[in-house]
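This note is intended for a colleague who is meeting the structure for the first time. Please read the numbered points with the sequence and the model at hand.

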Amino acid sequence: TRQMEDDADELVPQDERYSLSAHIAALSPRAAASLYASAPHVVRASLVALPPMARLYAMRLSLLNEPVSKRKVVDAWPTEAAIDNGTHERAMEGLRSLHLLAEREGEPEQGDRTVALADGVKRHIRDIMTRGWAAVTRLETTAQGGSRKRSRENDAPQPPPSAEALADTVRERWEGMLLCLASDDPEKKDADTVETRRLLMDAGLVEKRDGVCTPEGLRFLLCPPQKQLWRLLSRLLRDQPEQHVADALSLLARIAWLKPGTIYRIDALREGECVMLPRLALLGLLWASAGTYFCATPLAAKLVGEDHVSASAVLSSTPASSSSSVIVPPSDGYILVESNFRVYSYFRSELEEKLVHLFCQPETKLPNLFVSIITRESVTRALDYGASADLILSFLMANAHPRTRLRHGASVPECVSDAIRLWESERQRVSSEPAVLYANFDPENVQEFDAIRAHAIALDGLIHCSTDASNRFVVVNPRIHDALREFVRNRRAQTSASALPK
């Protein structure tokens, strides 16, 4: 399954980043230091994204007042096994990549370096470990404008929505957006908001002219919800002015730890955070009321990763929400795949039915059951439109019914997965690559043909040649075209010069 996910990553644009930590790592060191100094929730999100040993190193370094020698102190912390298997070096690289570590030249004659945490990072980690997360949040709110900006539910003009109501709202919004991609019904597309359609167009998921789903949109539909969310967030972040990117990341990290349904005042946010607020509400990450109050939804908990609930225990605090099961689409599977290639989908919405129909041939539809079959034609249709065998199989595995996971082996029968891969490989029997053709050789000038072919072989660029006297030609790699053309010119010039009378 991991290999399938890695292969699926190659099907998306390389500049997309699918986690908050990836966007933080893309900041410049100065921008990251400024962000960490002003936002303890960003420090917490970065710590959660680190490997366990890297988090341990960060907490140890936060208790040191002065930089320490990497060779004499830090390299002495891990066991020999951790050094041998690369765990220690991966931990250090994780701290460096997120700009948490400040390294300086130490003793030049020994090639040593001094290691310390960035000042803002060190201060926030100390506060979190000693005061607790709630105390750090209060200090942060007071510093930004006084305790009156602290969120209080009785200040809200209307009762805040419950976590269940927020989850239902998010589910309806995401199902409507994905159904706009998966459905061919014009009414389904017209039911979507103008802002959502513009976001899908800007992300390259639908055609700007007629709103038809693009090949990139089909791959988007088959991706896990975490990647779907970050694909759209990456687009929003890329559209932000450079001076507001750090504030936008700060807002994403902030709402990831908020309790769904708790009301907060918008005027406690910075300018860049306020600019990002309506766009996050469009994706269902926030609920806003009259431009004055906002609250996080259960979907916001996914911003810091699938396993942040357990990982956050390192800082001894209770996660903001444990209702990750309400995130759209539901985490419990609904698809059963049999060895006879039939697929049984216990769908709960039209969207789930449409997703299976992307690569299956429908057979029977019951009130809560959709029976279809995987055929060569249905899979080839999906492959022609931009999907891949690995993406289809990873979708089936990720949405497999809980009972199929009790099988010995994979949740998708081996004969089905092998057939899907075979049908994909059949489309890849013939591959094309650029080439340059040298033809129209003089039938009586065999020496020129042999010289050109020999020189192409010497340049390691010969692809194919024909020695047929009536149709001699040489096919070469474009890489050697200029050199081979210059060789032909020089040879013909020498031949013409030698043919002149003396």
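**Notes on the predicted model**

1. Confidence of the chain. The mean pLDDT of the chain is 79, and 81% of its residues reach 70 or more.

2. Stretches to be read with caution. Residues 1–15 stay under 50 in pLDDT, and the model gives them 20 contacts beyond four places in sequence. The pLDDT is also below 50 over residues 139–156, a stretch with 30 contacts in the model beyond near neighbours in sequence.

3. The sheet of strands 1, 3 and 2. These three strands form an open sheet in the order 1-3-2, with antiparallel pairing. Strand 1 (68–69) and strand 2 (101–105) are at the edges; each has a single partner strand, so one side of each is left without a neighbour in the sheet. Two bridges link strand 1 and strand 3 (residues 113–117) in the antiparallel sense, and Ser69 stands opposite Thr114 of strand 3. Helix 5 (residues 52–62) packs on this sheet and touches strand 1, strand 2 and strand 3, its direction making about 90° with that of strand 3.

4. Within strand 6, Tyr293 is the bridge partner of Arg265.

5. Strand 8 and its partners. Strand 8 (residues 342–345) has a covered face, made of Val343 and Ser345, and an uncovered face, made of Arg342 and Tyr344. Strand 7 (residues 335–337) pairs with strand 8 in the antiparallel sense over three bridges, and Val337 has Val343 as its bridge partner in strand 8. The hairpin of strand 7 and strand 8 has four residues between the strands, and in this hairpin Phe341 takes a positive phi near 75°. Strand 8 is also joined by four bridges to strand 10 (residues 370–373), again running antiparallel; here Tyr344 of the uncovered face has Val371 as its bridge partner.

6. Packing of helix 10 and helix 18. Two packed helices are described by the angle between their axes and the distance between the axes. Helix 10 (residues 163–182) and helix 18 (residues 350–357) pack at an angle of about 35°, and their axes are 10 Å apart. The crossing of helix 10 past helix 18 is left-handed. Helix 10 contributes Glu175, Leu178, Leu179 and Ala182 to the contact, while helix 18 contributes Glu350, Leu351 and Lys354. How many residues of this contact of helix 10 with helix 18 are nonpolar, polar and charged? The division is four nonpolar, no polar and three charged.

7. Met201. This residue is placed in helix 12 (residues 194–202). Met201 has a relative accessible area of 22% and is therefore partly exposed. Leaving aside residues up to four places away in sequence, Met201 touches Val206, Glu207 and Lys208. Gly217 lies 16 residues from Met201 along the chain, and the C-alpha atoms of the two are separated by 9.7 Å.

8. The hairpin of strands 12 and 13. Strand 12 (residues 462–466) pairs with strand 13 in the antiparallel sense over four bridges. Leu462 stands opposite Val476 of strand 13. The hairpin between strand 12 and strand 13 runs through six residues.

9. Asn440 is found in the loop between strand 11 (436–438) and helix 22 (446–458). Although Asn440 is not a glycine, it has a positive phi of about 60°. With a relative accessible area of 77%, Asn440 is exposed. Asp460 lies in the loop between helix 22 and strand 12. Asp460 likewise is not a glycine, yet has a positive phi of about 60°. Is Asp460 buried or exposed? Its relative accessibility of 63% makes Asp460 exposed.

Technical notes:
Residues numbered from 1 in each chain as written. Predicted model: local features only at pLDDT ≥ 70, side-chain atom pairs only at ≥ 80, totals over all residues. Heavy atoms only, no water. Axes fitted to C-alpha atoms, helices over the stretch in contact; angles between N-to-C directions. Left-handed = near helix turned anticlockwise from the far one by under 90°. Contact = heavy atoms within 4.5 Å. Nonpolar A, V, L, I, M, F, W, Y, C, P; charged D, E, K, R; others polar. Buried < 20%, exposed > 50% of the residue type's maximum accessible area, 1.4 Å probe, protein only. Pairing = 2+ DSSP bridges. pLDDT = per-residue confidence, 0-100.
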